[in-house]
Amino acid sequence: MVPIGDLAHGLIYAMGTNRTASREFSLTVACNCTMDERRERSWYLSLMAPRTNGQVAEIVWLDPSRLYCSAQALQDCATDLLEPFDVNEIDVVAGIDGMGLILGATIATILNKGCLALWKKGRICVQTEDEDYVCKTEKCLTIRTDAFPEGTRVLLVDQWMEGGGTMTAAINLVERMKGKVAGIAVIAIEYSKHPKSKEIMEKYKCSHVIPPHLQPQIDNHYLESFKKFEAGDAGHACMS
């Protein structure tokens, strides 16, 4: 097994500085990089912003995408999400429309894998397989019909998993196309109040970056780190 968590930063370095380097060289370089050389795990969660736009649906209680504005935060978040997975057991990464596309593309780059987009209906101009589902309202997720051959191992990536409706639709699409769900990676899973999310966690290998002491805050929709936003001390979203 090649543990991805130990490899990711070396892969980024090797891919960024020498595009002709072989995958084997990238993995060798990566083995010298450990968690001790990075910041504390999940440090970037404090960059997530609270809801301040009253015109957005009340269920949207925070903006996780603010951490993507920091190169270091985005890189560390993606690397942490990959820790449970084996690079040899993933063939392609599938990002879910919308913010899952950003996180999915980042993870695919780290792994040197392709990135497949799962779109909301009406956003892609080719033939698709569709899956209707309910997530607050009736919605439809789509996948291109020529996405991958039978048996392809797909890592599903989204920003958040609350009720599990969107992720269930993504799983159904991959399996209907005769692919295999290699795993699921999301920043957070609100599983204490949502049985469907818990069922997904029990059936598939799932990864999130919420430490145990923060899970109650996630479930209660308020992070202590929001206080710095309320005090006007959060600073700018884009940072090195």
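Predicted model: local features only at pLDDT ≥ 70, side-chain atom pairs only at ≥ 80, totals over all residues.
Start at H221. Now look at the backbone. Phi of H221 is positive, about 60°, although the residue is not a glycine. The loop holding H221 runs between helix 7 (215-219) and helix 8 (226-230).

Stay in this part of the chain and select K227 and E224. Their side chains meet in a salt bridge, 2.8 Å from N to O. K227 is partly exposed at 45% relative accessible area. E224 is partly exposed too, at 42%.

Go to K178. Phi here is near 65°, again a positive value in a residue other than glycine. K178 sits in the loop between helix 5 and strand 8. Is K178 buried or exposed? With 53% relative accessibility, K178 counts as exposed.

**A cis peptide**

Next, select D97 and G98. The peptide bond that joins them is cis, with omega at about 0°. G98 belongs to the loop between strand 3 (92-96) and helix 4.

**Salt bridges**

Zoom out for a moment. How many salt bridges does the structure hold? There are eight. Select E131 and R176 from this set. Their side chains meet at 2.1 Å, N to O. The pair links distant parts of the chain: E131 is in strand 5 (residues 128-135), R176 is in helix 5 (residues 165-176), and 45 residues separate them.

Colour the two by accessibility. E131 has a relative accessible area of 14%, so it counts as buried. R176 is at 36%, so it counts as partly exposed. E129, E131 and R176 are linked in a network of salt bridges.

Now select D146 and R144. Here the side chains form a salt bridge of 2.7 Å, N to O. D146 counts as exposed, at 53% relative accessibility. R144 counts as partly exposed, at 29%.

**The largest nonpolar core**

In soluble globular proteins, nonpolar side chains tend to be buried together. The largest nonpolar core here has 37 residues. Which of them touch the most other members? Select Y44, L67, L103, I107 and I187.

Show the secondary structure around them. Helix 3 (71-82), helix 4 (99-111), strand 7 (153-161) and strand 8 (180-189) each supply at least two residues of this core. Helix 3 gives the largest share, six residues.

Centre on I107 and list its neighbours. Leaving out residues up to four places away in sequence, I107 touches A78, L81, L82, V93, L155 and V157.

A second, separate core comes next. This one has 25 residues, including Y133, M167, I171 and M177.

**Back to the surface**

Select V56, I59 and V60. Together they make a nonpolar surface patch of about 200 Å². V56 is found in the loop between strand 1 (49-50) and strand 2 (62-63). At 34% relative accessible area, V56 is partly exposed.

Move on to K203, in helix 6 (residues 195-203). With a relative accessibility of 64%, K203 counts as exposed. K203 and G183 are 9.9 Å apart in space, C-alpha to C-alpha, and 20 residues apart in sequence.

**The whole chain**

Clear the selection and view everything. The protein chain has eight helices and nine strands. Of its 240 residues, 48% count as buried. The accessible surface comes to about 12,000 Å², and 51% of that belongs to carbon and sulfur atoms.

Display the contacts as well. Among those with a separation of 6 or more, 66% are between residues 24 or more positions apart.

**Last stop: confidence**

Colour by pLDDT. The protein chain averages 84, and 82% of the residues score at least 70. Where does pLDDT stay under 50? Select residues 9-37. For this stretch the model has 37 contacts beyond four places in sequence.

Note on methods. Residues numbered from 1 in each chain as written. Heavy atoms only, no water. Patch = residues over 30% accessible without salt bridge, like charges linked within 9 Å, V, L, I, M, F, W, Y side chains within 5 Å. Areas by Shrake-Rupley, 256 points an atom, 1.4 Å probe, with all protein chains shown as cover. Salt bridge = Lys/Arg side-chain N within 4 Å of Asp/Glu carboxyl O. Helix = DSSP H or I, 4+ residues; strand = E, 2+ residues; numbered from the N terminus. Buried < 20%, exposed > 50% of the residue type's maximum accessible area, 1.4 Å probe, protein only. pLDDT = per-residue confidence, 0-100. Contact = heavy atoms within 4.5 Å. Core = buried A, V, L, I, M, F, W, Y, C linked by side-chain atoms within 4.5 Å.
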